[in-house]
Amino acid sequence: MFNDLIDRFGSNLGLSPEEAMKSDLVKKLCSALVHGQLVVIDSNQSKSLTFDLEEIQQNSTELPNE
């Protein structure tokens, strides 16, 4: 499973498989997923963001029923 994640993150960030395996950013992103965070990658700018899903759920508002 982690090899697939590492390959996907690496390809999205423009890294070779070897570079992705050594990348601290890829390790951070895998760790974020394991800890239940949402990971968003902008491959055009090689940037990533992580969000805590529990915090998002607590702060979300429900739409009124119509």
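The chain exposes about 5,400 Å², and carbon and sulfur atoms supply 50% of that area. The model is a predicted one. Buried residues account for 17% of the 66 residues in the chain.

**Overall fold**
- The chain contains four helices and two strands.
- Along the sequence, these elements follow the pattern α-α-α-β-β-α.
- Of the contacts between residues at least 6 apart in sequence, 24% join residues at least 24 apart.

**Nonpolar core**
- The largest nonpolar core consists of nine residues: Ile6, Phe9, Leu13, Ala20, Val26, Leu29, Cys30, Ala32 and Val39.
- Two or more residues of this core are given by each of helix 1 (2-12) and helix 3 (24-34).
- Helix 3 provides the largest share of the core, namely four residues.
- Once neighbours within four places in sequence are set aside, Ile6 is in contact with Ala20, Met21, Val26 and Cys30.

**Packing of helix 1 and helix 3**
- In general, two packed helices are described by the angle between their axes and the distance between the axes.
- Helix 1 and helix 3 pack at an angle of about 130°, and their axes lie 10 Å apart.
- The two helices, helix 1 and helix 3, are therefore oblique to each other.
- The crossing in which helix 1 passes helix 3 is right-handed.
- Helix 1 contributes Phe2, Leu5, Ile6 and Phe9 to the contact, while helix 3 contributes Val26, Leu29, Cys30, Leu33 and Val34.

Conventions
Residues numbered from 1 in each chain as written. Predicted model: local features only at pLDDT ≥ 70, side-chain atom pairs only at ≥ 80, totals over all residues. Heavy atoms only, no water. Core = buried A, V, L, I, M, F, W, Y, C linked by side-chain atoms within 4.5 Å. Buried < 20%, exposed > 50% of the residue type's maximum accessible area, 1.4 Å probe, protein only. Contact = heavy atoms within 4.5 Å. Areas by Shrake-Rupley, 256 points an atom, 1.4 Å probe, with all protein chains shown as cover. Axes fitted to C-alpha atoms, helices over the stretch in contact; angles between N-to-C directions. Parallel < 35°, antiparallel > 145°, perpendicular 65-115°, else oblique. Left-handed = near helix turned anticlockwise from the far one by under 90°.
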